Amino acid sequence: MSKIKFELEFPIHASPSMLYTYFATPAGLEEWFADKVNSRGKLVTFVWDGDEEKAAILSNKNGEKMKYKWEESEGDETYFEFRIQVDPITKDVSLMVTDFADGEDEVEESKMLWENQIDELKQTIGA
């Protein structure tokens, strides 16, 4: 079954540099994304309710974006990415999230999961 790529945009009232720390550092990710996050070089371990998931950092553009790949999805082209987008005119900040779902029927469920996660991020940073 082929994976379906989707992208979401979330306007966030926060400075890009502050927002970046929330998806690029273990301490930041623990605030809203996972219960515990450990980073060792390019390998990041996320823990939810005692279950571990490992991801590799594919790219890190300081202050702008982080791209991760789940260890379990090696061999395919999937990844998940956080990217900060700043409107050049209004200076409005948006967080772009790119991810993949297992099929058409899971796209909406995956989007809802991200919306809940980003709502938690917004509450955490007071945006």
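Strand 3 (residues 43-48) and strand 4 (residues 51-61) pair in the antiparallel sense over 6 bridges; two strands count as paired if DSSP finds at least two bridges between them. Helices (H or I, at least four residues) and strands (E, at least two) are DSSP runs, numbered from the N terminus. This is a predicted model, in which local features need pLDDT of at least 70 and side-chain atom pairs count only at pLDDT 80 or more, while totals for chains, interfaces and linings use all residues. Residues are numbered from 1 along each chain as its sequence is written, and side-chain values use heavy atoms, with hydrogens and water left out.

Within this pairing, valine 47 has glutamate 52 of strand 4 as its bridge partner. The hairpin of strands 3 and 4 has 2 residues between the strands, and aspartate 49 takes a positive phi near 45° there.

Strand 3 is also joined to strand 2 (residues 36-40), antiparallel to it, by 5 bridges. Here valine 37 stands opposite phenylalanine 46 of strand 3. The hairpin of strands 2 and 3 likewise has 2 residues between the strands, with glycine 41 at a positive phi near 65°.

Arginine 83 belongs to strand 6 (residues 80-86). Its C-alpha atom is separated by 6.6 Å from that of methionine 66, 17 residues apart along the chain. Beyond its neighbours within four places in sequence, arginine 83 is in contact (heavy atoms within 4.5 Å) with residues including Glu7, Glu64 and Met96.

Serine 110 lies in helix 3 (residues 104-125). Its relative accessible area is 16%, so serine 110 is classed as buried (under 20%). Apart from neighbours within four places in sequence, serine 110 contacts Phe6 and Ala101.

Key. Buried < 20%, exposed > 50% of the residue type's maximum accessible area, 1.4 Å probe, protein only.
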